[in-house]
Amino acid sequence: MRQWVVDIAYDTTSGTKTVQESFYMPREEDVRDEVSKRGGYVLAIRPHERSPIERILARSAWWQVQLLRGIQFRSIAVSPGVAFWKIIQAETNPMRQNILAPAREALARGMGVIDALKALNIFDHGTLAILGASEKANRLQEGIPQAIQSITQKKKNARAIMGTMGWLGFDVITIVQSLFWGKDMVLGWFKGNAPTDPEELEKYNQVVGNLELTWDVLIWLAFAMAGFMIWCVISFYMNRGKTDWPTARIVRKIPLIGAYLRDLGFSDSMLAASRMLKSHVAINEALKQAGEATTSPQVSQYWIEANTELERGVGLGTALDREPLTRSERLELTALSDLGQVATVLESIAEMRAQGAKTKHSLIVWLAFALTGVYLTIAFGSAIYALTVMNMSMDSMMSGITEGMM
């Protein structure tokens, strides 16, 4: 499913009329068929591409929260789908109209409010899972505040990480600039003022060579890390909403970060499964929706395998008793027999995973501080080392001047 922008010509009594309309359909052929049914002729058709400003606005936490709150307030008197339709119809800002166009097309085709929200491609999988679970239980109004809380919490986590990385990045960039721009000048001075004594010259050249190698390693290491981080940020931004892509696989292989993302995935998916089970949603549907609540393939595979075991007649607790859950989590699930207890335990595991993710988040921040401290220590240490080299050169020069005077 994607949004298409189509230039259409209609035959009217006053002549040919040209209009531009948008459609939300799977293929270009489907759009042409729909236009033909309306009695029009396709002049031009192209996939809709959002401008950078539209992408920033659509994917901002502020926009997402405002949209969900609008649906929550209006759904008091009408259904959530009608409430969402009224929000779209009442919007007068052209940019926001363009952002909401896929949802408008989805609702016009008879899709539900969750399908319309998915069509916007602005919410993450965890938020959509919370909303989907609440909608299946006919309690969307109760689920929206939880979704808003999830969005704001993730925004706080992202803001903390970005703030920490920004501050550390400023320190590193300052040092790297000093090394990058001052390296040639300092090393040039060293090479132009080398000692004349052969023994001292050999030792001097070895020291200068080590200093040059150290600075080169520091500079290129900083450039490589900066390039990797920029690549990751751009890749995650451009692939938002996808479940898997090369950059995500690389990031998940980083030990602490991979565990952090896995904890977030289990927290979101288990909370969604718990809500659905408490609301008496069919078990197989609950497990299926839980698997779609995360972008982590490992977590998603866990729910798929659990659902497969359940279809084979295995008990729910036994089906859920599998890796990558911890030993204590698996022991709790194995001993369960009542469906209500399963929902309670899943909610408890979701809370523990959320707390674990929070702890790992703190560890990532402090580890970043520690590694930056090591980098800065090496940088400052190399600067002090450079002063030692300078003293060697100055001592040699003073010795030469003293011998010349005598």
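## Basis of the description

A residue is called buried when its relative accessible area is under 20%, exposed when over 50%, and partly exposed in between, with a 1.4 Å probe and protein chains only. By that rule R353, at a relative accessible area of 7%, is buried.

The structure is a predicted model, in which local features need pLDDT of at least 70 and side-chain atom pairs count only at pLDDT 80 or more, while totals for chains, interfaces and linings use all residues. Residues are numbered from 1 along each chain as its sequence is written, and side-chain values use heavy atoms, with hydrogens and water left out.

## Salt bridges

Nine salt bridges are found in a search of the whole structure, each defined as a side-chain nitrogen of Lys or Arg within 4 Å of a carboxyl oxygen of Asp or Glu. One of them joins R353 to E329, with an N to O distance of 3.0 Å. This pair links distant parts of the chain, since R353 belongs to helix α16 (residues 339-405) and E329 to helix α15 (residues 327-334), 24 residues apart; helices here are DSSP runs of H or I with at least four residues, numbered from the N terminus. E329 is buried as well, with a relative accessible area of 5%, and both residues take part in a network of salt bridges that also includes D263 and K360.

R38 and E34 have their closest N and O atoms 3.5 Å apart; R38 is partly exposed at 43%, and E34 is partly exposed at 22%. In the pair of E309 and R312 the closest N and O atoms are 2.8 Å apart, and R312 is exposed, with 63% relative accessibility.

## A nonpolar surface patch

F180, W181, W220 and F223 form a nonpolar patch on the surface with about 540 Å² of accessible area together, the area coming from the Shrake-Rupley method with a 1.4 Å probe. Such a patch is made of residues with over 30% relative accessible area and no salt bridge, nonpolar side chains being joined within 5 Å. Helices α8 (140-192) and α9 (198-238) are the elements that give two or more residues to the patch. F180, which lies in helix α8, is partly exposed, with a relative accessible area of 37%.

## Packing of α6 and α7

Helix α6 (residues 113-120) and helix α7 (residues 125-136) pack at an angle of about 165°, their axes being 10 Å apart. Axes are lines fitted to C-alpha atoms over the stretch in contact, and angles run from 0 to 180 degrees between N-to-C directions. The two helices are therefore roughly antiparallel to each other, a term for angles over 145 degrees.

Methods
Patches are made of residues with over 30% relative accessible area and no salt bridge: like charges are joined within 9 Å, nonpolar side chains (Val, Leu, Ile, Met, Phe, Trp, Tyr) within 5 Å. Angles under 35 degrees count as roughly parallel, over 145 as roughly antiparallel, 65 to 115 as roughly perpendicular and the rest as oblique.
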